[in-house]
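Here is a short report for a reader who is new to this structure. Look at the sequence and the fold, then read on.

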Amino acid sequence: MILSCPHQAAERLMSGDVVALPTETVYGLAAHGHNAIAMEKIYQCKGRPKNNPLILHYANLRSMRPDVVWTDCAEALAQAFWPGALTLVLERSKTCRVPSIASAGNTTLAVRVPSHALFQDVLRLIQGPLAAPSANLSGQLSPTRCEHVKQWFDGPILNGGTCHHGLESTIVDARTSHARILRQGAISQEQIEALLGGCGFSVEVVSSSVLRQEDQALVMPGQMEGHYAPRKPLRLNATELYAGEGLMAFGPSPLMDDAVHVQLSQTRDLQEAAQNLFHGLYLLDHNPECKKIAVMPLPQEGLGRGMMDRLTRAALGAGRP
Ligand code: TXA
Ligand code: MG
């Protein structure tokens, strides 16, 4: 069911329902962040494992501060990138009002101040935080358009058109002055490094396999391989095309000539490509004229890193039941 305004979404959320809302990254499946029963519904709806914690979205920094142990590193990142596509992992404060289900029993809480105008309207109306994972069934492609959510979710959806970034937020563990990028996303590694380097903080990019060994508390199913998966097999760095494959192109290529294809960006613009990434995967996944998906090489810089992270996981998870 499509809602026509933020007021309707807020009413539903206040009465304990889950509502799909647009953000500047991807659509989220939201529940009131003070209501454990409502947040439990998110897990049920998505088929999400209970050990995978949720991101809490706040209207502003002021309303978030009482819930977390704030750090200088968090302050630098928040000043530079909020409101926006950055999520910070911090320790829960002693006064944290968010039920522990959102932290999956851990001592940390992931927090973000989103910039999307409709999402902000809803946050102001409910006067509390919203827990929201991406609005897809667990393990499947993230939704960047209302129609993607509608395919599987028959609850209320607030339509915000196409999401601006098309890639989820970048997640940074900012608990100490040694920041750790836990998930590449819509704010690039280069942007984070430039900012933190300038303020005297160090940054490390942590892969999920390193996380698994080193910090069990930060090993989340969402950061494991095999997520973001289409139903069809997916092949990366394709420089030729095999029978039955549909092409995900990045810039002009003779490979497109006779093949089913989608174009991520004709001008090889990474921002445009990121915005089209999940929709492109949806289109090829649902196109009966191809049985497999082949993706052209993408630059390993800027938003290309986040895109390759999702595509690598998609390739690992693709075709699984
Ligand atoms: O852009 C986004 O971040 C979107 C929009 C809706 O805000 N949300 C999103 O949520 O991508 P989700 O649940 O699909 O991905 C969040 C990731 C998961 O991999 C989860 O394991 C991780 O964040 N996460 C959540 N809380 C965490 C915590 N306390 N410590 C470490 N990782 C955490
Ligand atoms: Mg997700």
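Buried means under 20% relative accessible area, exposed over 50%, and partly exposed in between, with a 1.4 Å probe and protein chains only. By that definition E24 is buried, and so is R112.

This is a predicted model, in which local features need pLDDT of at least 70, side-chain atom pairs count only at pLDDT 80 or more, and totals for chains, interfaces and linings use all residues. Residues are numbered from 1 along each chain as its sequence is written, chains are lettered from A and ligands numbered from 1 in the order in which they are written, and side-chain values use heavy atoms, with hydrogens and water left out.

**Salt bridges**

Side chains of opposite charge can pair when their charged atoms come close. A salt bridge here is a side-chain nitrogen of Lys or Arg within 4 Å of a carboxyl oxygen of Asp or Glu. The structure holds 14 salt bridges. Three of them are listed below, among them the pair of E24 and R112.

| Pair | N to O distance |
|---|---|
| E24 and R112 | 2.8 Å |
| R231 and D285 | 3.5 Å |
| R310 and D309 | 2.5 Å |

Helices (H or I, at least four residues) and strands (E, at least two) are DSSP runs, numbered from the N terminus. Take the salt bridge of E24 and R112. E24 lies in the loop between β2 (19–21) and β3 (28–32), and R112 in strand β6 (residues 108–112), so this pair ties together parts that are 88 residues apart in sequence.

Next comes the salt bridge between R231 and D285. R231 sits in the loop between α8 (208–214) and β12 (234–235), while D285 belongs to helix α9, so parts that are 54 residues apart in sequence are tied together. Are the two partners buried or exposed? R231 is exposed, with a relative accessible area of 55%. D285 is buried, with a relative accessible area of 6%.

The side chains of R310 and D309 also meet in a salt bridge. R310 counts as buried at 1% relative accessibility. D309 is buried too, with a relative accessible area of 17%. Salt bridges that share partners also form a network, which joins E91, D173, R175 and R180.

**Strand β9**

D173 from that network is also part of strand β9 (residues 170–173). In a regular strand the side chains alternate between the two faces of the sheet. Both faces of β9 are covered. T170 and V172 are buried on one side, and I171 and D173 are buried on the other.

Two strands pair if DSSP finds at least two bridges between them. Strand β5 (residues 86–91) and β9 pair in the parallel sense over 4 bridges. There V89 stands opposite D173. Strand β10 (residues 178–183) runs antiparallel to β9, and 3 bridges join them. In this pairing D173 stands opposite R180. A hairpin of 4 residues joins β9 to β10.

T23 is in the loop between β2 and β3. At 2% relative accessibility, T23 counts as buried. A polar contact is a pair of N or O atoms within 3.5 Å; within protein, one must be able to donate a hydrogen and the other to accept it, and residues adjacent in sequence count only if both atoms are side-chain atoms. The side chains of T23 and R112 are joined by a polar contact of 3.2 Å. A polar atom of the T23 side chain also lies 2.8 Å from the backbone oxygen of V26.

Contact means heavy atoms within 4.5 Å. Leaving out residues up to four places away in sequence, T23 touches G28, R112, H116, F119 and C163.

**Cysteines**

A disulfide is a covalent bond between the sulfur atoms of two cysteines. Here the test is a pair of cysteine sulfur atoms within 2.5 Å. A search of the whole structure finds 0 disulfides. C45 is in no disulfide, and the nearest cysteine sulfur, that of C146, is 16 Å away. C45 counts as partly exposed at 29% relative accessibility.

C163 counts as buried, at 1% relative accessibility.

**S265**

S265 is in the loop between β14 (261–263) and α9 (270–286). At 1% relative accessibility, S265 counts as buried. Beyond residues up to four places away in sequence, S265 touches A249, F250, G251, E272 and A273. S265 and F250 are 15 residues apart along the chain, and their C-alpha atoms are separated by 5.5 Å.
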